[in-house]
Amino acid sequence: MEKKILVTGGSGFIGSNFIRHTLQIRPGFQIRNLDALTYAGNPLNLENLPVDHQARYGFIQGDICDARFLKNLFEQETFDGVIHFAAESHVDRSIHGPEAFIRTNVNGTFQLLEACLAMWKQNGSPSDFRFLHISTDEVYGSLGKEGYFTEKTPYDPSSPYSASKASSDHLVKAYHRTFGLPVVVTNCSNNYGPYQFPEKLIPLIILNIIEQKDLPVYGDGKNIRDWLYVIDHCEALVTVFLKGVIGETYNIGGGTELENIRIVHLLCELLDEKLGRSGKNSSKSLIRFVTDRPGHDRRYAIDASKIERELGWKARFVFSEAIARTIDWYMDHMDWVNSVRSGDYRKWIENNYGKRK
Ligand code: NAD
Ligand code: DAU
């Protein structure tokens, strides 16, 4: 199947994994990656693509908040679909500086919808066009000990990040109901894997263990997240893009619920084995319980039965294997790690953790 797709935010963590994986599994797909290259976007994430994949890939640097830029782009090129990852994505940063989240996640999504709607109408409103909006389970707020997020769970976001993602979800659905734009929305749980920026829990802890730095655990460490290997997420997105019903939402999750402290212990154990540390030198001695994140959601857990039943997708990676693979990736890619840890990154670590001790 031949398709020309615009991916936004393709130089970030999930977007770059999506582009690499989709070029491989869908030889008929051409992909253009529109990315502003913020601190989280890294051209290295898409370096060294195989030659036949390079021929089907193109990079466009630009900002989804820039209406004129989007209009020009869509006048010059036509797309069969738009897959929208671009966002400010880190909860702690949204607490330190919410404005960037409103700008990109709300206004950027709005500008992109406007431009897509104009292009779609201009092309005769094709029914096979898709606007796939990538969102998060955080829009549903926090669960207690029991229960799961379904597609019908009411929205109840806690952080400026999740509130901005909730706003963007509502806008996307409104553009379908009001203007008929063929949209599909996905809400996914916590991803892990290669190319994740080391501000997020798993890569931060892996690198701090390697470098024997403190391992900051927020609050009592008993908050629970539902972890999904990034390639499982990417496969779910291709499935929803091709088979999802217009106007519908699909929750995506791996069913691997773990307390944060359990993850940190596990990473210590796996890395200690590789690094030959034990006893007094065990990395667990680096664990520090620090001031909690304000508004910290206690538990996330996804009911993914709709996408499994209706579209036939199921997570296929087992956590114990995929986390080992992720650790190996970071150990083998210290050049990449060093390239993303710029002066700005060091400032962020100081800002976020300096005050938590
Ligand atoms: P990321 O922060 O790693 O990447 C975001 C990308 O968007 C970067 O390449 C950045 O340069 C780009 N970008 C930011 N602002 C832009 C703008 N104004 N114009 C164009 N590009 C811009 O994020 P991620 O973790 O890969 O998440 C991707 C998407 O998936 C986000 O929408 C996020 O809300 C959603 N999501 C993430 C997770 C997760 O666990 N990481 C889980 C569920 C959903
Ligand atoms: O649930 C999906 C969401 O997962 C995505 O929408 C977000 O874009 C993504 O960043 C992620 O959000 P979280 O806040 O859950 O991920 P983070 O890696 O920041 O934190 C995971 C858990 O670990 C959370 O309970 C906070 C805790 N934590 C995090 C950091 C960075 C710590 O205890 N210490 C830390 O230093």
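Leu 37 is partly exposed, with a relative accessible area of 23%. Here buried means under 20% relative accessible area, exposed over 50%, and partly exposed in between (1.4 Å probe, protein chains only). Leu 37 has a positive phi of about 55° although it is not a glycine. This residue lies in the loop between strand E2 (29–35) and helix H2 (51–54). Helices (H or I, at least four residues) and strands (E, at least two) are DSSP runs, numbered from the N terminus.

The model is predicted: local features need pLDDT of at least 70, side-chain atom pairs count only at pLDDT 80 or more, and totals for chains, interfaces and linings use all residues. Residues are numbered from 1 along each chain as its sequence is written, chains are lettered from A and ligands numbered from 1 in the order in which they are written, and side-chain values use heavy atoms, with hydrogens and water left out.

Ser 125 also is not a glycine, and has a positive phi of about 50°. Ser 125 sits in the loop between H5 and strand E5 (130–136). Its relative accessible area is 32%, so Ser 125 is partly exposed.

Helix H5 (residues 99–122) packs against helix H6 (residues 160–179) at an angle of about 15°, with the axes 8 Å apart. Axes are lines fitted to C-alpha atoms, for helices over the stretch in contact; angles run from 0 to 180 degrees between N-to-C directions. H5 and H6 are therefore roughly parallel to each other (angles under 35 degrees; over 145 is roughly antiparallel, 65 to 115 roughly perpendicular, the rest oblique). In the contact (heavy atoms within 4.5 Å), H5 residues including Phe 101, Phe 110 and Trp 120 meet H6 residues including Tyr 161, Leu 171 and Phe 179.

The structure holds 20 aromatic pairs. Rings of Phe, Tyr and Trp (its six-membered ring) pair if their centres lie within 6.5 Å; planes under 30 degrees apart count as stacked, over 60 as edge-to-face and the rest as tilted. The ring centres of Phe 74 and Phe 79 are 5.9 Å apart and the planes lie at 75°, so this pair is edge-to-face. Both Phe 74 and Phe 79 are buried. Phe 197 and Tyr 345 form another edge-to-face pair, 5.6 Å centre to centre with 80° between the planes. This pair links distant parts of the chain, 148 residues apart. Phe 197 is in the loop between strand E7 (190–192) and helix H7 (201–210), and Tyr 345 is in helix H13 (residues 343–354). Phe 197 is buried, with a relative accessible area of 7%. Tyr 345 is buried, also with a value of 7%.
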